[in-house]
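I open this notebook to record what I looked up in one protein model. The entries follow the order in which I checked things.

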Amino acid sequence: MYQVDAKVINQTEVIENHFILKIFAPEIVKKAIPGQFVMLSAWSQRDPLLRRPFTFNRIFCKEGSFELLYKKVGKGTEIMSNLKTSDQVSLLGPLGNGIKFTQNMKRIAIVSRGIGVAPMLAIVDSAKEKGIEVYAYLSAATENLLLRKEEIKEKAKLIYITTDDASLGAGGKVTDFLAQTLIDTKMDAVYTCGSKRLKNHIESLKETYGFKAWVILEEHMACGIGACKGCICRAKKANNHQDRYLLVCKDGPVFPVDEVEV
Ligand SMILES: Cc1cc2nc3c(=O)[nH]c(=O)nc-3n(C[C@H](O)[C@H](O)[C@H](O)COP(=O)(O)OP(=O)(O)OC[C@H]3O[C@@H](n4cnc5c(N)ncnc54)[C@H](O)[C@@H]3O)c2cc1C
Ligand code: FES
């Protein structure tokens, strides 16, 4: 883990209130893997005080840079949205446990909703590099909230899209498409982010089809390094029925779907 001051390469508002921020930080990039995150501060005043967590949306190893995809929701992201080329940000990272593909993996699925797509492109890039096929299942309220769909489409073997208003793709549940695929296609792993409903549906499909499945959690975080205990999530009860808690920043943010309650 490094603490560095890093320069903004550029920033684009992709749709209203949603931004892609590219940052040059070779030390962090050298160690970064998909699913991990950085704690970022672009402010020196007391409010907001704390850094904010963001997952790697894209990692450019050769360039020593990475991209974040974020939604403006409050004070921190409001300040970030005004960052310009050459501005400086303070970073801590890479943090948390990311995604490691195993050698025998041939095919994976990514399933996300809305801004939950943020960690997915880095996963797709990395899978593609390793010759692993990707099936993508993306859902959003409406077409323009299907962020990064073109980049994912370019690399995925198949892409399924649903929107709540049927402005693109089908209406209905995106996991129903995954369920259809699973009838005749074996997935080695499924990764999901952005919706409790998706996580629960994938967990039940896992019981039927026996693939490995992971959820990427995005709890509120204060420190990002396991010190404040502010990001706990409840672990599923083990055989002894005792309550057990996990730290999203340290034990996650990538968890087996059947290990955590959300
Ligand atoms: C590991 C991790 C990775 C993340 N990656 C991304 C990412 O790639 N892109 C992205 O857009 N967001 C991501 N988030 C969420 C992001 O960190 C928050 O949106 C951000 O901290 C908000 O800061 P703010 O100061 O703008 O908002 P605040 O002023 O802190 O909050 C504004 C509103 O947003 C709510 N809020 C803040 N943080 C969260 C959260 N984590 N979950 C739910 N509601 C929240 C608050 O309750 C409040 O209502 C991630 C969170 C975690 C823990
Ligand atoms: S954010 Fe402080 S312990 Fe996880």
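**Conventions.** I am working with a predicted model, in which local features need pLDDT of at least 70 and side-chain atom pairs count only at pLDDT 80 or more, while totals for chains, interfaces and linings use all residues. Residues are numbered from 1 along each chain as its sequence is written, chains are lettered from A and ligands numbered from 1 in the order in which they are written, and side-chain values use heavy atoms, with hydrogens and water left out.

**Domains.** I noted three domains: domain 1 (2–95), domain 2 (99–214) and domain 3 (217–262). The bounds come from an automatic or database domain assignment. I then looked at domain 1 against domain 3, whose C-alpha centres lie 24 Å apart. Nine residues of domain 1 are in contact (heavy atoms within 4.5 Å) with nine residues of domain 3.

I looked up the area buried between domain 1 and domain 3 and found about 630 Å², with carbon and sulfur atoms giving 72% of it. Buried area here is the accessible area (1.4 Å probe) that two parts lose on being put together, summed over both. On the domain 1 side, β3 (37–41), β4 (52–55) and β7 (88–95) each supply at least two of the residues that touch domain 3. Helices (H or I, at least four residues) and strands (E, at least two) are DSSP runs, numbered from the N terminus.

How many salt bridges cross the interface of domain 1 and domain 3? I found zero; the rule asks for a side-chain nitrogen of Lys or Arg within 4 Å of a carboxyl oxygen of Asp or Glu.

**S112 and T192.** I put S112 in strand β8 (residues 107–113) and T192 in strand β11 (residues 189–193). Relative accessible area is 2% for S112, which is therefore buried, and 1% for T192, also buried. The classes are buried under 20%, exposed over 50% and partly exposed in between (1.4 Å probe, protein chains only).

Leaving out residues up to four places away in sequence, S112 touches V117, M120, Y137, L138, S139, C193 and L198. With that exclusion, the residues T192 touches include V111, M120, L198, K199 and W214. I also noted that a polar atom of the T192 side chain lies 2.8 Å from the backbone oxygen of V111.

**Salt bridges.** My count by the rule is 14 salt bridges. One joins R148 and E67, with the closest N and O atoms 2.5 Å apart. R148 sits in the loop between β9 (133–140) and α4 (149–155) and E67 in strand β6 (residues 65–71), so the pair ties together parts 81 residues apart in sequence. Are these two residues buried or exposed? R148 is buried at 9%, and E67 is buried at 10%.

K199 pairs with E203, the closest N and O atoms being 3.0 Å apart. Both lie in helix α6 (residues 196–209), four residues apart, about one turn of the helix. K199 is buried at 1% and E203 at 11%.

E261 and R234 meet in a salt bridge at 3.8 Å, N to O. E261 is in the segment after β15 (254–256) and R234 in strand β13 (residues 232–234), 27 residues apart. E261 is partly exposed at 35%, and R234 is partly exposed at 31%. Last, I noted that R58, D125 and K155 are joined into one network by salt bridges that share partners.

Technical notes: A polar contact is a pair of N or O atoms within 3.5 Å; within protein, one must be able to donate a hydrogen and the other to accept it, and residues adjacent in sequence count only if both atoms are side-chain atoms.
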